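Biologist: Can you walk me through this one? I'm new to it.
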Amino acid sequence: MAPTGLTAIQIRQGHPDFLDLPWQLPLAEWEGKSARLVQVPRGLSRHEVLFVSYGKAIYALKELPPRVGQREYEVLRGLEERGLPAVVAVGLVKARTGAEPSEAEERSVLITRFLDGSLPYRTLFMNQGLERYRERLLDAMASLLVRLHLGGFYWGDCSLSNTLFRRDAGELQAYAVDAETSELHERLSDGKRLHDLDIMEENVAGGLADLAAMVPLPPALDVFETGPNIRQRYERLWEEINKEIPVTPHESYRIHERIRALNDLGFSVGEVDLVASGESDHLRMRTIVTDRNYHRHQLHGLTGIVAEEKQATLLLNEIQELKATLAKELNRSTPLSTAAYRWLEERYHPTIQKLQPVKGGTDLSELYCQVLEHKWFLSEREKKDVGLERALEDYLELRKRQKDPVVPALLLGGPASPSLPRPVEISAADETQEPTSQREAMGLFDHAEVDLIYPIPPQVK
Ligand SMILES: Nc1ncnc2c1ncn2[C@@H]1O[C@H](COP(=O)(O)OP(=O)(O)O)[C@@H](O)[C@H]1O
Ligand SMILES: [Mg+2]
């Protein structure tokens with residue numbers, strides 16, 4: 001007779017041991033049996049998926065047949081090793097469950113670290129305050145697929161539910177969740193890539209059709225056109241990255257140009273190959289990109305800050321700006337590392353400290369970028385640079401008013417403060433629509449983040 005309960009547990013270093021969870025029961029019966037269970041916004045799933053918290057860390061648990069669990073765990077580890085954007089596997093548990101020991105069967109539970117600040121697509125579409133991000137999903141998914149395919153990952157089930165989104169300075173970064181049907185290859189064949197795109201198109205249409213039955217979709221996200229639109233963006237990006245450029249030996253500047261262009265798109269270039277084209281002295285230049293984290297790596301190297309790619313680009317621009325200002329003041333060139341140090345000490349850290357009380361579930365780099373955006377907005381209206389401090393004060397004032405019950409959650413077009421002519425304040429968790437139970441079923445609870453929405457988006461250069 002097989003005993004029920006834990007039979008094997010494999011946990012990576014730096015995480016809890018998870019031994020206090022009721023492993024003798026299938027996940028479907030855990031409700032009320034563990035105080036660690038938490039509700040978070042989430043996508044649809046085939047398997048039982050639960051979330052548990054240990055202090056500030058949240059983990060996702062997914063129950064699978066043992067062999068499937070082992071495979072998904074290994075694929076996720078592989079994705080991490082290749083630096084690809086996906087949820088991070090933390091461990092794998094094997095347990096025997098069943099009402100009677102005689103009918104006990106072995107199951108595995110895959111544990112992944114909850115992707116902080118992630119938005120499942122239903123939250124993206126159903127919560128007010130997130131409208132500006134919806135169309136960003138097109139580029140985010142195209143870019144995710146390009147990155148995964150470059151890394152040799154065949155997904156096999158790319159869908160809206162299997163993608164998580166994180167805000168990135170007004171844009172979205174997408175991450176893969178659910179690698180159950182996936183394969184890791186040295187290099188992905190064109191056949192596999194195209195097959196993955198076909199699956200994506202079909203799944204996206206299905207996901208949007210379900211969504212359209214509940215909420216109106218933005219015109220740019222038509223049920224049947226969105227998948228093909230993502231594919232087009234994917235193909236453009238894929239071609240751009242993989243194109244070969246003819247060069248002659250005295251045109252080495254074109255190599256730098258090409259690398260710069262790829263870096264501007266966020267791609268790091270690992271290798272440049274020059275091969276004879278068979279035409280007199282002509283060569284063909286081929287670039288091999290390694291990841292789409294060029295600015296993230298640079299920012300991390302300079303400051304130790306971990307940010308998303310677009311956030312990192314904006315923060316690096318600020319550092320470059322400060323470098324130019326310092327050079328003018330001191331009448332000599334300043335190294336970027338010095339400017340980065342001054343920027344951290346004088347701008348980033350003091351601002352972050354003041355933003356702590358309004359942090360909520362949003363990551364600090366994102367909040368800092370929101371303050372920058374607010375600064376551009378104010379500066380554009382006032383036709384002068386209002387400075388970081390003034391922008392921060394106004395920003396905090398707006399966040400505070402949002403919490404104040406006297407101020408309606410929705411200030412459409414009304415002046416928010418004498419100095420702020422038109423930004424609109426919208427709570428991400430709109431209290432006025434469906435009754436709680438339905439909202440909860442849609443994953444709308446526990447997500448009271450706020451974005452300040454601008455009627456005229458500021459021009460971010
Ligand atoms: N590590 C994680 N971080 C955040 N959300 C997660 C994580 N793992 C799973 N989820 C959420 O749970 C949902 C279901 O997980 P998934 O792995 O897709 O299960 P299934 O294989 O049953 O479809 C996802 O859509 C996602 O919203
Ligand atoms: Mg899934």
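Biologist: How do the residues of the shell around ligand 1 divide by class?
Modeller: They divide into 8 nonpolar, 7 polar and 6 charged. Ala, Val, Leu, Ile, Met, Phe, Trp, Tyr, Cys and Pro count as nonpolar, Asp, Glu, Lys and Arg as charged, and the others, Gly among them, as polar. This is a predicted model: local features need pLDDT of at least 70, side-chain atom pairs count only at pLDDT 80 or more, and totals for chains, interfaces and linings use all residues. Residues are numbered from 1 along each chain as its sequence is written, while chains are lettered from A and ligands numbered from 1 in the order in which they are written.
Biologist: Which residues come nearest to ligand 1?
Modeller: G43, S45, H47, A60 and D178, out of 21 around ligand 1. A residue is near if its C-beta atom, placed from the backbone, lies within 6 Å of the molecule.
Biologist: And which domains does the shell draw on?
Modeller: Domain 1 (5-114) and domain 2 (119-241) each give at least three residues. Those bounds come from an automatic or database domain assignment.
Biologist: New topic. How much of the protein is buried?
Modeller: Of the 461 residues, 35% count as buried. That takes 20 or more other C-beta atoms within 10 Å of a residue's own, with C-beta atoms placed from the backbone.
Biologist: How many helices and strands are there?
Modeller: The protein has 13 helices and 16 strands. Helices (H or I, at least four residues) and strands (E, at least two) are DSSP runs, numbered from the N terminus.

Terms used:
A residue is buried if 20 or more other C-beta atoms lie within 10 Å of its own, exposed if 12 or fewer, and partly exposed in between; C-beta atoms are placed from the backbone.
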